[in-house]
Amino acid sequence: MRQLQQTITINTNGVSLTEFTETVAEIVEASGIEAGLAHVFCRHTSASLLIQENADPDVQRDLVAFFKRLVPDGDSLFIHRAEGPDDMPAHVKTALTQTTLTIPVASGKLMLGTWQGIYLFEHRRRPHARSIVVHVVGE
């Protein structure tokens with residue numbers, strides 16, 4: 001069994017979805033692994049990971065709008081505001097999504113569907129540099 005682990009940084013510009021499928025695909029290719037798994041991990045509690053449609057940018061805009069309505073910034077329900085009114089809502093949005101993804105690898109490629117892409121979902125209003133670990137394991 002072989003493995004490759006690499007940490008990448010994704011810079012965000014505030015609340016948004018940033019696709020990084022190609023970066024993960026390049027890491028998988030560099031690993032030389034033909035069959036296995038690519039595990040992607042976000043090292044933050046106010047950003048998350050999604051596999052989502054990458055054909056129509058309206059999907060990303062609609063997801064941002066939905067989560068903004070579902071968990072609004074500044075909600076009086078929340079006590080934790082250490083870093084501002086978007087702090088606790090960002091943690092809730094991360095709890096509702098995920099910080100890890102596992103994607104099968106076959107023939108040295110990610111086994112994503114035709115319209116699927118890998119996204120970092122930034123939940124904070126201000127820009128951040130987000131650390132993502134990609135670990136590829138297999139034969």
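**Entry 1. Strands 3 and 5**

I looked up strand 3 (residues 36–42) and strand 5 (residues 100–106) and found them antiparallel, joined by six bridges. I took strands (E, at least two residues) and helices (H or I, at least four residues) as DSSP runs numbered from the N terminus. I took two strands as paired if DSSP finds at least two bridges between them. The model is predicted, so to speak of local features I need pLDDT of at least 70, and side-chain atom pairs count only at pLDDT 80 or more, while totals for chains, interfaces and linings use all residues. Residues are numbered from 1 along each chain as its sequence is written, and side-chain values use heavy atoms, with hydrogens and water left out.

I counted a contact as heavy atoms within 4.5 Å. Axes here are lines fitted to C-alpha atoms, for helices over the stretch in contact, with angles from 0 to 180 degrees between N-to-C directions.

I checked which residues of strand 5 lie on the covered face: they are Leu101, Ile103 and Val105. The uncovered face holds Thr100, Thr102, Pro104 and Ala106. In a regular strand the side chains alternate between the two faces of the sheet.

Strand 5 runs antiparallel to strand 6, with two bridges between them. Ala106 stands opposite Lys109 of strand 6. The two strands make a hairpin with two residues between them, and Ser107 in the turn has a positive phi of about 50 degrees.

I found an open sheet of three strands, order 2-7-4, with antiparallel pairing. Strand 2 and strand 4 are at the edges with a single partner strand each, so one side of each has no neighbour in the sheet. Neighbouring strands are turned by 35 degrees against each other on average, direction ignored. Strand 4 and strand 7 are joined by seven bridges, and Leu49 has Leu120 of strand 7 as its bridge partner. Helix 2 (residues 57–70) packs on this sheet, touching strand 2, strand 4 and strand 7, and its direction makes about 135 degrees with that of strand 4.

**Entry 2. Cores**

I looked up the largest nonpolar core, which has 22 residues; Phe20, Leu110 and Ile132 have the most contacts inside it. A nonpolar core is a set of buried Ala, Val, Leu, Ile, Met, Phe, Trp, Tyr and Cys residues joined through side-chain atoms within 4.5 Å. Buried means under 20% relative accessible area, exposed over 50%, and partly exposed in between (1.4 Å probe, protein chains only). Not counting residues up to four places away in sequence, Phe20 touches Ile8, Ile10, Val40, Leu49, Ile118, Tyr119, Leu120 and Ile132. Apart from this core I noted another, of six residues, among them Leu17, Phe67, Tyr119 and Phe121.

**Entry 3. Gly14**

I placed Gly14 in the loop between strand 1 and strand 2 (16–19). Gly14 counts as buried because its relative accessibility is 0%. Leaving aside neighbours within four places in sequence, Gly14 contacts Glu122, Arg124, Arg125, Arg126 and Pro127.
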